[in-house]
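Me: I would like to go through a structure by question and answer. Please show the sequence and the model.

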Amino acid sequence: EQLWLIGLALILVGFAAGVAYRMFFAGPGIACIVIALSRRPASDAITTSRPLRVLSLLGEYSYGMYLAHVMSIGIALQFVPETADPLHVYVAMLGVGLAAGIAAGMLDVALYRRLKSWIDSRSLSKSGPAKVLLPTSG
């Protein structure tokens, strides 16, 4: 049950061994971590642990983040003066992309939940098997 620790060790060995070995060790290391996490029983740890809750929310918002971050960064860059410090611009654009992505993700999750509950409330399967009507010829 310490598979995640083996994965972490493989990743660290890869980084310590040099650039040529990073990918060689990182792939199996990450695979070990993913397998270890997928084998964990479901628990309330996600709702009680703040870091896990944040990661869970970012996972829920990931599609909204994927859709919104590039557009929001592109819009925000239109207002950045040419004399701005590149490091400040970089950090600001990370913030802009993250904020817009989280907002879009929150909207996406809220719309999904409302639409799903609306569809579930009108589902034919709740009232019994669906009747299939086939057109008759003649």
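Me: What percentage of the 138 residues in the protein chain do buried residues make up?

Reply: This is a predicted model, in which local features need pLDDT of at least 70, side-chain atom pairs count only at pLDDT 80 or more, and totals for chains, interfaces and linings use all residues. Residues are numbered from 1 along each chain as its sequence is written, and side-chain values use heavy atoms, with hydrogens and water left out. Buried means under 20% relative accessible area, exposed over 50%, and partly exposed in between (1.4 Å probe, protein chains only). For the 138 residues of the protein chain, the buried share is 14%.

Me: Which pattern does the protein chain follow along the sequence?

Reply: Helices (H or I, at least four residues) and strands (E, at least two) are DSSP runs, numbered from the N terminus. The protein chain has six helices and zero strands. Read along the sequence, the pattern is α-α-α-α-α-α.

Me: Among contacts between residues at least 6 apart in sequence, what percentage join residues at least 24 apart?

Reply: A contact is a pair of heavy atoms within 4.5 Å. Taking the contacts in the protein chain between residues at least 6 apart in sequence, the share that joins residues at least 24 apart is 53%.

Me: Where does H2 bend?

Reply: Helix H2 covers residues 19-38, and its 20 residues reach 29 Å from first C-alpha to last, close to the 28 Å expected. The expected span is 1.5 Å times one less than the number of residues. A bend is the angle between axes fitted to the seven residues ending at a residue and the seven starting there. In H2 the bend is about 30°, Pro 28 follows within four residues, and the bend is at Phe 25.

Me: Which helix do the buried residues of H2 pack against?

Reply: The buried residues of H2 are Ala 26, Gly 29, Cys 32 and Ala 36. They pack against helix H1 (3-17).

Me: What is the angle between the planes of Phe 24 and Phe 25?

Reply: Rings of Phe, Tyr and Trp (its six-membered ring) pair if their centres lie within 6.5 Å; planes under 30 degrees apart count as stacked, over 60 as edge-to-face and the rest as tilted. The structure holds two aromatic pairs. One of them is Phe 24 with Phe 25, edge-to-face at 5.2 Å centre to centre, with a plane angle of 90°.

Me: How many residues apart in sequence are the parts that Arg 113 and Glu 60 tie together?

Reply: A salt bridge is a side-chain nitrogen of Lys or Arg within 4 Å of a carboxyl oxygen of Asp or Glu. Arg 113 and Glu 60 form one, with the closest N and O atoms 3.5 Å apart. Arg 113 lies in helix H6 (residues 86-121) and Glu 60 in helix H4 (residues 50-60), so the parts tied together are apart in sequence by 53 residues.

Me: In which helix do Asp 120 and Lys 116 lie?

Reply: The side chains of Asp 120 and Lys 116 meet in a salt bridge at 2.8 Å, N to O. Asp 120 is partly exposed at 30% relative accessible area, and Lys 116 is partly exposed at 38%. The two are four residues apart, about one turn, and both lie in helix H6.

Me: What covers the buried residues of H6?

Reply: The buried residues of H6 are Val 89, Met 93, Gly 97, Gly 101, Gly 105 and Val 109. Their cover includes H4 and helix H5 (62-77).
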